[in-house]
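Please prepare a short briefing on selected local features of the model shown below, grouped by topic.

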Amino acid sequence: MDAFVIHGGRRLRGTVRIHGAKNAALPLMAASLLTDEPVTLRDVPRLADIRNMGRLLDVMGVSVQRADDGPLHLATHDSGKCEAPYDIVRTMRASICVLGPTLARRGEARVSMPGGCNIGDRPVDLHLRGLKALGAEVGLESGYIVARAKRLRGARVFLGGPFGSTVLGTANVMSAATLAEGTTIIESAACEPEVTDLAHMLTAMGARISGAGSPRIVVEGVDRLAGVDHTLVPDRIEAGTYIMAAAITNGDVLIENCPTDSLTAVIDRLEEVGVNLEPTDGAAPPTEQQNLRQSVRIASDRRLEPVQVVTQPFPGFPTDLQAQIMALLCMADGNSIITEKIFPDRFLHVAELLRMGARCLRNGPSVLVSGVHHLEGAPVMASDLRASAGLVLAGLAARGTTTVNRVYHLDRGYEGMELTLQQLGADIERVDVPAA
Ligand code: EPZ
C-alpha cells in the first residue's frame with residue numbers, strides 16, 4: 001500500500017497548473033448517457049475516480065477512450081444497459097450521478113444504493129425525491145435503487161435538505177429534466193461551479209437550461225440531445241489545496257489556471273489569515289460568469305493570524321478545503337474556530353493532527369484550533385481524500401519526517417500530488433509500505 005514520506009520544512013517555490021475539476025468531470029461523464037452521439041471532454045484529470053467512472057460507463061454501454069494526455073472520448077454503443085452494479089458503485093459514491101441520465105434516456109435505472117463513508121452517512125433521499133417529482137416510480141430492491149418512467153414529466157422540485165442543497169442531486173435532477181416533457185423548476189438548487197459547468201455542457205448539447213449557478217434552475221425539456229466537445233472548469237479544490245500548501249510553507253508559488261472567482265470565500269479567509277493572492281495578469285473585472293482562469297502568485301506573511309471558518313454551500317467556504325485550512329491554522333498565532341455545516345462529522349483528520357503536536361479541541365460540529373509554533377513529523381493515517389490532503393500540508397510544514405499512509409485516497413482526487421510538490425521543492429516521495 002502506497003504512503004508518502006515527507007521531510008518537512010522546505011519552502012515551496014515554482015509554478016503549478018491546475019487540472020480540470022474532478023467533481024465536474026464525474027457528472028459530465030455520466031451525462032454522456034443522455035445522447036447517442038460522441039461526447040469529448042477536455043482537461044480531465046487522471047485520477048482513480050475518473051477511471052472508476054469510466055469502468056462504470058463501460059459496463060453501462062458507453063465506450064470511454066483516451067490516448068495519453070488527450071481528451072476523453074465517450075460514445076454510447078448499447079443503450080439497453082440500465083444497471084450500475086454494486087462492485088463498482090461501492091468504490092465510488094459519485095456513481096449515483098448515472099441515475100438521472102440513465103432513467104431519462106433509457107426509461108429505467110438500477111443503481112446500487114451507495115453506502116455511507118468516512119465523512120458521514122451521506123443519504124441520497126433528495127436525489128430520489130427529485131426524480132419522483134418528475135414522475136418516476138422509485139423503489140429499493142435488494143440494495144438497488146430502481147427507478148422507472150416511460151418519459152419523465154417536468155415539475156417543480158425542491159432540493160433543500162437539512163444541510164443545504166445537494167450538489168450531485170442537483171446534477172441528477174437537472175440532467176434528467178433535460179429530456180422530460182415540459183418545464184422543470186428546481187428550487188434550492190446547488191449553486192456550485194461544477195453544477196454550472198454541467199449546465200453549460202448540457203446547453204451545448206441542445207438542452208434548454210436557465211438559472212444554473214443560482215438556487216432556481218429552470219429546464220425546458222427537449223426530445224433529444226446531441227454530442228458535444230467541452231473543456232472542464234479548473235478544479236477549485238485542487239487550486240485551494242496548493243494555495244494553502246504554499247502558505248503553510250511560507251512559499252512563493254504561482255498557480256496557473258486558477259478559478260479565482262470560484263474561490264472568493266477561500267480568498268477572503270486567507271486574506272484575513274495573512275495570505276495574499278496576487279493576480280499576475282492584472283485584476284480581472286468582476287463578471288457574472290463563473291469561469292475565470294487566472295495566474296495568481298501566493299505571498300504570505302510569516303505570521304499567520306487566527307480566523308473563524310464556517311463551511312457552507314457555494315459561494316461559502318467549501319467543506320472540501322476544511323481539513324487543509326485546519327492544517328494551516330494549526331500554525332497560526334492564536335485560536336481559530338472551524339465549524340463544519342455540510343458534513344458535521346468530517347473531522348477524522350483531527351486525531352491525526354494531534355499526533356503531530358497540533359492543539360485542536362472538537363466540540364460537535366466545531367473545532368477550536370490553538371496555533372502552535374511548530375508541528376512534529378509523525379506517522380499518520382489518511383481517512384478520506386481531503387483529510388489526507390490536510391495531513392500532507394501539515395507534513396510539509398512539520399519538523400522531521402511525516403509518513404502519510406493510505407495515499408490511495410489522495411490518488412482519487414489529486415493527479416500526481418507528490419510529483420507536483422517535488423517540482424515545487426518539497427522533500428516528498430511515494431513508497432510502498434507492506435499492509436499490516
Ligand atoms: C459533492 O458530494 C462532492 N462530490 C463532495 O466532494 C463535496 O464534499 C460535496 O458535494 C459538498 O460540496 C462530488 O461532486 C463527486 P451533497 P455530494 O449531496 O453531491 C446532505 C470530495 O472530496 N444530503 O451536496 O454527494 C449530505 O449528507 C467530495 O471531492 C442529504 O441530506 O454532496 C450533506 O450533508 C467529498 N440528502 C449535504 O446534503 C441527499 O439526498 C451536501 O451533500 C443528498 C445530500
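**Surroundings of Met-331**

Not counting residues up to four places away in sequence, Met-331 touches Ile-248, Leu-304, Val-372, His-373, His-374, Leu-375 and Ala-397, where contact means heavy atoms within 4.5 Å. This is a predicted model, in which local features need pLDDT of at least 70 and side-chain atom pairs count only at pLDDT 80 or more, while totals for chains, interfaces and linings use all residues. Residues are numbered from 1 along each chain as its sequence is written, and side-chain values use heavy atoms, with hydrogens and water left out.

- Met-331 sits in the loop between α10 (322–329) and β19 (335–340), helices (H or I, at least four residues) and strands (E, at least two) being DSSP runs numbered from the N terminus.
- The C-alpha atoms of Met-331 and Ala-398 are separated by 9.7 Å, although the two residues are 67 residues apart along the chain.

**Helices α1 and α7**

- The axes of α1 (residues 22–30) and α7 (residues 193–204) come within 9 Å and cross at roughly 40°, with axes fitted to C-alpha atoms over the stretch in contact and angles running from 0 to 180 degrees between N-to-C directions.
- To this contact α1 contributes Asn-23, Ala-24, Pro-27 and Leu-28, and α7 contributes Glu-194, Asp-197, Leu-198 and Met-201.
- These contact residues divide into five nonpolar, one polar and two charged, where Ala, Val, Leu, Ile, Met, Phe, Trp, Tyr, Cys and Pro count as nonpolar, Asp, Glu, Lys and Arg as charged, and the others, Gly among them, as polar.
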